Structure formats: structure tokens, C-alpha cells
Amino acid sequence: MLAQIDDVVLEVDSNVEEVLEKFIFNFAKVNRVGNNPTYQSTNGWEHEVSFSGYFVLKELKELEPLKDVAFLKKPIWFVQKDSHFKVLISGLSIKKNLFLKGGGFIKQGFDITLKRYFK
């Protein structure tokens, strides 16, 4: 198992192309007359995890459970081999390509962004 988002399991062989983990530190910029600006640390920090990948043919309905959970807009569990915490799905993009003559498609790409949820 590469990761689990709520009840959806992303396996190592499920065509996940990239996992990006980002830490965002918040600062307030203070402009000063006759001097360079200074920065002051505010609040804590933010943590985002992004996945990109694709599904081909038989797994095209694989993203439906993720879409359903995303529209709930509630904290869900994110589980990896070495960590687990609650997240909000802040973005989900779905790309369809390799279209057939009848309008169907063979390949479906996805990008999902998770923001860590702090109580």
C-alpha cells in the first residue's frame, strides 16, 4: 500500500507517478521606511500532500469514491506506511485522454491535493 485516503487505497502498482509533500511556513511582511522589509513568523505551519497519476481502461471508476469524499468537505484520515493524520481534500483534478471514435476514453489522469487538518 502506497497510501490510503479515507476508504480509497492507492497501491504501489496503481500508476501513481508522483507524490509531493510540501510544508508552508507563514510570515507577515513588515515594510519599513528607508530600510528593507522585515518578516515576522505568524501562526504555525501548513502541510500539503499531492498525488498525481493515471488509470487505464478497467480502473476508470476508481476515482468516484474520492470525488464523493471530496464533496463532503470534511476531515478524513490519510494513512501512509510511516504516518497517519487527518486531511481535507483541497483539490481534485481529473484529466481524460486517449479518446475513442464513440467519445469514450481509455486513460484518466488525476491530481489530488490534501491539506493537513489541525484541530
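Biologist: Two strands pair if DSSP finds at least two bridges between them. With that settled, what is the order of the strands in the open sheet?

Modeller: The order is β2-β1-β5-β6-β7-β4-β3, seven strands with antiparallel pairing. Strands here are DSSP runs of E with at least two residues, helices are runs of H or I with at least four, and both are numbered from the N terminus. This is a predicted model, where local features need pLDDT of at least 70 and side-chain atom pairs count only at pLDDT 80 or more, while totals for chains, interfaces and linings use all residues. Residues are numbered from 1 along each chain as its sequence is written, and side-chain values use heavy atoms, with hydrogens and water left out.

Biologist: Which strands are at the edges?

Modeller: β2 (8–10) and β3 are the edge strands, each pairing on one side only. On average, neighbouring strands of the sheet are turned by 30° against each other, direction ignored. Such angles run from 0 to 180 degrees between N-to-C directions, and the axes are lines fitted to C-alpha atoms, for helices over the stretch in contact.

Biologist: How many bridges join β1 and β2?

Modeller: Three, in the antiparallel sense, with β1 covering residues 3–5. Within that pairing, Q4 stands opposite V9 in β2.

Biologist: And how many between β6 and β7?

Modeller: There are 11 bridges, again antiparallel. F99 has F105 in β7 as its bridge partner. The hairpin of these two strands has five residues between them, and G103 there takes a positive phi near 100°.

Biologist: What does β4 do with β7?

Modeller: They pair in the antiparallel sense over nine bridges. S50 lies in β4 and stands opposite T113 in β7.

Biologist: Is S50 buried or exposed?

Modeller: S50 is buried, with a relative accessible area of 17%. Buried means under 20% relative accessible area, exposed means over 50%, and partly exposed is in between, using a 1.4 Å probe and protein chains only.

Biologist: Which residues does S50 touch?

Modeller: S50 touches E18, V19, L20, I112 and T113, leaving aside residues up to four places away in sequence. Contact means heavy atoms within 4.5 Å.

Biologist: Changing topic: where does helix α1 lie?

Modeller: Helix α1 (residues 64–72) lies across β1, β2, β5 (76–79), β6 (84–99) and β7, and runs at about 130° to β6. L72 is in this helix and is exposed, at 54% relative accessible area.

Biologist: How far apart in space are L72 and H84?

Modeller: They are 20 Å apart, C-alpha to C-alpha, and 12 residues apart in sequence. For V79 and A3 the values are 5.6 Å in space and 76 residues in sequence. V79 is found in strand β5.

Biologist: How many residues are in the largest nonpolar core?

Modeller: That core has 20 residues, and those with the most contacts inside it are I5, F51, F78, I89, I112 and L114. The elements giving two or more residues to this core are β1, β2, β4, α1, β5, β6 and β7. A nonpolar core is a set of buried Ala, Val, Leu, Ile, Met, Phe, Trp, Tyr and Cys residues joined through side-chain atoms within 4.5 Å.

Biologist: What does L114 touch?

Modeller: Not counting residues up to four places away in sequence, its contacts include I5, F51, F78 and I89.

Biologist: Now the aromatics. What makes two rings a pair?

Modeller: Rings of Phe, Tyr and Trp (its six-membered ring) pair if their centres lie within 6.5 Å; planes under 30 degrees apart count as stacked, over 60 as edge-to-face and the rest as tilted. By this rule there are five aromatic pairs. One of them is F23 and W45, which is tilted, at 6.0 Å centre to centre and 55° between the planes.

Biologist: Which parts of the chain does that pair tie together?

Modeller: F23 lies in strand β3 (residues 16–30) and W45 in strand β4 (residues 38–56), so the pair ties together parts that are 22 residues apart in sequence. F23 is partly exposed at 42%, and W45 is partly exposed at 37%. W45 also pairs with F118, edge-to-face, at 5.3 Å centre to centre and 80° between the planes. F118 is in the segment after β7 (105–116), so this pair joins parts 73 residues apart in sequence.

Biologist: Which residues do ring pairs link into a cluster?

Modeller: F23, W45 and F118.
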